[in-house]
Amino acid sequence: FFGMPSWLVGTVLSSAWGQAVAGNESCVDVDDPVNCSQFSWTEHGVDYRGCQSVTRSGRLCKPWSRTALAGTSGVGLGHHNYCRNPDGRRSIWCYTDDPDVRWEYCDGQGSVGKELEQRRLQDADDVPYFVEQPYAVTAGFAASTEVPVRFVFFTSDIPAYEVTETSAAMIVQIDVQFARFNGDRGCANVFDATDQFPALMNCYFSPNQAKVTLQTRLRPNHKYSLTMLVTMPECCLVNGKTECPGPCASEENTFKLSTGFYQLMTIEQSRSWMDLTHTVPNARDSPLPRTTIPNTGYIQEFNWLPEQREYWEARGDYPSQGGVQFQFGLLPSGNLDGFFALDVVAHPTDVWDFGSGDCEGFTSTVPQARCTLRAYPGAPSTRSNGFRIDIDTGQNMLRNLQRESFSVRLRTPATPSNMVWTLTSSVQDISDFNIRGTQAFTIVLDKTVSVRAVGSVAPSGELADWELAAIDTEHWVTLAVRPGNTLQPLRPSAETAAGSFAGTVVITPPPGFQVVDTVPPQNVPGTNSLSGTWTVNAQANEFQCRLTERTAFAQTEYFIMLRVRNPSAPGAAYAWSVKVADAAVPYPITIAESKNIRGMAVYGTMVASLAPTNQLVNTGNIVRVEITPSQDVESSDGAQIVLAAPQGFVFVKRCPEFRAINLPESCTCVGSEAEVATLTCTGESPVIRGGSKYILEVEVQNPMTNPALNAWKFFTFRADGIGVDVANFPGYFLFPEQLESFNVLPQQRYRGSQYVVVKFSMKFNVPFDDFLKISAPVGVVWDSSNLEFTSNQAEMDAQPIVSDPPVIDPSRRNRLTLRLRMNLLQGFEYGFRARVIVPAETPVPNRWWLEQYRLTGDVAEPERAIAASGVNGFRTQQLEDCQLVAKNVVSEAWENPTRITFRTTEAVQTILSARQTAIQQAEFRVIAPEGFTYICPLSETKETILKRKGGFL
C-alpha cells in the first residue's frame, strides 16, 4: 500500500466491513519461522522486525495472514502475529483478536520498548495514563452523518477514585479531533452505558468535546462503556493538508478520553489520540458524477414499523413461532441501483446474534433484493449483529422519493435492549477499486427497537431502608432498583417537541400499602437518582416518573425515597412492582417489568426511647433503652428483643455492661459484632407482655463518624422469627470531645414555668464567636414568653457568660443557642439561669445536652461540632403511675375495698426532733369526687422499694 493515500488504505480495509457469517472459523497456528530476534527502531518503527505480539492494552495480535493485508510483501508481514508498521503510522501496530478492538498500537520489546513503557505511565504533569487504553466501536463511516459510538475504558487501580477529601463531582471527558458533538441536545446525546455506570448529573457538549458529570463515583479497576451520538468529520488531513470534504483515515479521526473531578483534577487519561474510525465523503454532500456511476443516492429516512403494542422478550433464541418478524420502511433520495448495498446494524452491537447464512423470512417491496446475515464492528466474525440487503443489478432499484419496505425474521438476544439501529447505504458490488466502499450514508432508525426484560434480567432491587415498619404508619421508604433495560430520551427534531419524555418508570407498592400523594418522591443524597418528573397517583396507588433528557441505564442502581402508609394489619414482606415503559404513542411499550422487588414486613407499634451516656466518637457508650410493646409475644420457646443501631455502631458479642433493669431474669444478650444486639428471653408464655415497660442498659461502641441514616430500630420477635412489634427512635449526634462538667439544677420541679440553673466547665479554652446549644429533654421547652435569662455571678455561684441574646429554635423549642462574645477558659465553671416549662409528666428519655459548635466558613459544612456532654434530667414533682382499682362498682355500696398505688419522684419523710416530735409531718392525701365517703384503710400501708430505682410504692 505504499504510495497510496492513507485514507484509501482505510477504505480498502473497509471492504471487509460487514463480513458474511458462514460459521465458526478454525484457529490458525502462529508457526511462521520468521526471524524475530532482530531489534531495530527508526522513526515510527517502520523497519521494526521484533517479537512483540501483544498490544499496549495487552490484547493478543491476530496473524497477518488472517487480515486484509494478507499476501502483502516487503513490509515484514507473513504467517505470524508480530507487531509491524506496514503503512507508516505513528508506531507499530497489529490487528487484535478482540472483536471490539479491530486494531491497536504496540510497544516494541527491548531497551527501546522499556523506555516507551516508562514514558507511558504518566505525562509531564504526572497525570497517569490508563493501564488499558480506551477504544471506540462504531458501525458508521460516512462523513457528516450521526452514528452511535461506544467508548470503552478501563479504570486503573488508582486511589484517587476513592478519595474522600473532595465533594466535587466526577466526570468523563471525551475529546475528538475531527468528529463533532451536537451541543444542543445535552444529555440526550448519551444513548447507553453499561457495567453499572453512574447516573448522569449534567452533560456539556461543545463541537470537539464532551464532558459528562456523574451523580456518583466511578469504581477503580473496572470496565465501563458509554455510547454517544457522534457526527463523523466532514474535513480531515490528507497529505498534511485539510480537505473539505475529505476522507479520514482511522488514525486521523481520533479521540482522547479522561476521567477526573469537575474543575479540580484529572485522574487518568489516554496516553495518545486513539482511532475512532475511517470515513469517506457521503453520498448526500459529495455525490460522484454520473460518468463514474450511473445512479447515486442515499437513504434519507429509516423507519421501524412495529405492529400495535408489539414487543419481544429477551430469550436468546427463536420463539415458538419460528422467529420475530421485523418490518422497516425506507425513503431514498436519488436512485440506488445494483451497485449499492444497505447494511443494517443492530445496536448494542455486542448484544445481538442473528445466526449465519441468508436471512430467514425476508420479503421486500423491491423485487429481487437479497438479504445476508453479517458481522459488523462490535461482534466477532463468527457472530452476526446485522444484515446486508443487496439490490438487484437490473431495473429493480430504489427510486428517488419512492417509499419501500422490507421484512425479516430475526432472533432476539438473551440480553434486553432498547436501542436505535443504523442503516448505511454504500457502493459495494462494483469492480472499480477506487470507489468501492464510497458513496456511504448512515442514518439512525427513527425509534428504538425494544427487547423486553423478563425473568433473571428483569428489573431487580429491594426496599433498601424504611423509617418505621409499624402498622398504619406514614413514613419514607427507600427503594433501590436496577431498571433491567435502558430507557433512552427522545431526541428533539422537527417532528418532536424539545420537551418530549423518554418513557415512564412506574412503581407500585404491595396490597395494603397506600401511596401518599401530598409529598413527591425524593432523591437520596450521594446515590444515583432518576432524572424526570414524579407524579403520585393515589387512585391507581402508584408512583410514576416520566424521564426527560437523561437516559436511565439498565444496569445502574437507582435509589428513590417514597412516602407511603403501611397496612393496618401486620403482614409478611410482600413484593413491590416496577414497570419500565417507553413513550410510544398511542400505546407505550413495556420494555422491562418485575413484580418481585423485595419489600418489608409490617409489625405492631410499640413505644421506645434511647438515652446515651455520652456522644463521643469512637468511644464505648452505655445506652439506656426503654420499650413498651403493644402486643404479647406468645411463644413457648421464648421471645426476642432486637436492638438495631445505625450503621457504624458495634455491639460486642458478649454485650458488656448489659443490665436487665426491668426485664425477665432469663433474658440474655448477644451482640453481632456489628450494629445489632439480640436479647433472648425464656419462661412462661407470654414472656413479653403488651403494655408492660421493659428497661435495659447495654454498651455499644460509637462509630468514628456520624451515620448518614441516624435512627435506631427496636423489634420484638417470636422464637420462630415472626415479627410482632417495631419502634424507631432518632439517633444521637457524635462529637470529638466532651466537656469537663455539666449540670442542670431546677429551683422548682412543679409543672409549669420554673427556673433552671445550668453550670458547666470546659476541657479546653473556647474562643470568642463559638456557639453553645443547650437541649432539654423532648417535652421540656424553654419559656419563650418569659425566659428571664441571666448570668449573674452572685446568683449562679459561677463565672458569668457574655453572649448575644439567647435564641430559641422555633422548630425545636427545647433547644437554646448562645453565641459567645467572650473567651471561655479551661477549668473555670460558667453558668446561667433561665426559665423552662416543666411538663406534667417526666419526659422519656430524660437527659439534657450541652453542645459546642464553631463556624467554618465552608458552604458545604457551615459549622463543625467540637464537644458535647449530657446529664440526667430532673423528674417532674408529681406522683407517677397512680392507679385506683375498686373491688365493688355498685352504687351506694357500703364496703368497697379499693387498692391505690402510686410512685413518688423523691422521698417523702416525717422529720422528727430530738424529742421525737414531728417537726414536718409526711402526709398522703386522697381526694375522691363529691359523694364518695372515705372510711378507713382496710390494710396496712406498705412501702416497696422499686427494683434498682430510688422511688417508692
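How many bridges join strand 49 to strand 54? The points below take up this pairing and then some other features of the structure, which is a predicted model.

1. Strand 49, which covers residues 752–761, and strand 54 are joined by ten bridges and run antiparallel to one another. Within this pairing, Val-758 has Phe-832 of strand 54 standing opposite.

2. The two strands belong to an open sheet of four strands, with antiparallel pairing and the order 48-49-54-51. At the edges are strand 48 (741–746) and strand 51 (781–782), each of which pairs on one side only.

3. Val-836 counts as buried because its relative accessibility is 0%, and buried means under 20%. Leaving aside neighbours within four places in sequence, Val-836 is in contact with several residues, among them Gly-752, Ser-753, Gln-754 and Val-756, and also Val-781, Trp-782 and Trp-848. Asp-783 is 53 residues from Val-836 in sequence, yet their C-alpha atoms are 4.9 Å apart in space.

4. On confidence, the chain has a mean pLDDT of 83, and 86% of its residues reach 70 or more. Residues 110–120 should be read with care, as pLDDT stays under 50 there, although the model has 17 contacts beyond four places in sequence for this stretch. Residues 492–499 also have a pLDDT below 50, and in the model they have three contacts beyond near neighbours in sequence.

5. Some backbone details deserve a look, since most residues other than glycine have a negative phi, and most peptide bonds are trans. His-347 and Pro-348 are joined by a cis peptide bond with omega of about -5 degrees, and Pro-348 lies in the loop between strand 19 (340–345) and strand 20 (360–364). A cis peptide bond also joins Ser-685 and Pro-686, with omega of about 0 degrees; Pro-686 is placed in the loop between strand 44 (676–681) and strand 45 (694–701).

6. Leu-401, although not a glycine, has a positive phi of about 60 degrees, and this residue is found in the loop between strand 22 (386–390) and strand 23 (404–410). Leu-401 counts as exposed because its relative accessibility is 55%. Asn-618 has a positive phi near 55 degrees and sits in the loop between strand 39 (607–612) and strand 40 (620–628); with a relative accessibility of 44%, Asn-618 counts as partly exposed.

Key:
Residues numbered from 1 in each chain as written. Predicted model: local features only at pLDDT ≥ 70, side-chain atom pairs only at ≥ 80, totals over all residues. Heavy atoms only, no water. Buried < 20%, exposed > 50% of the residue type's maximum accessible area, 1.4 Å probe, protein only. Contact = heavy atoms within 4.5 Å. pLDDT = per-residue confidence, 0-100. Pairing = 2+ DSSP bridges.
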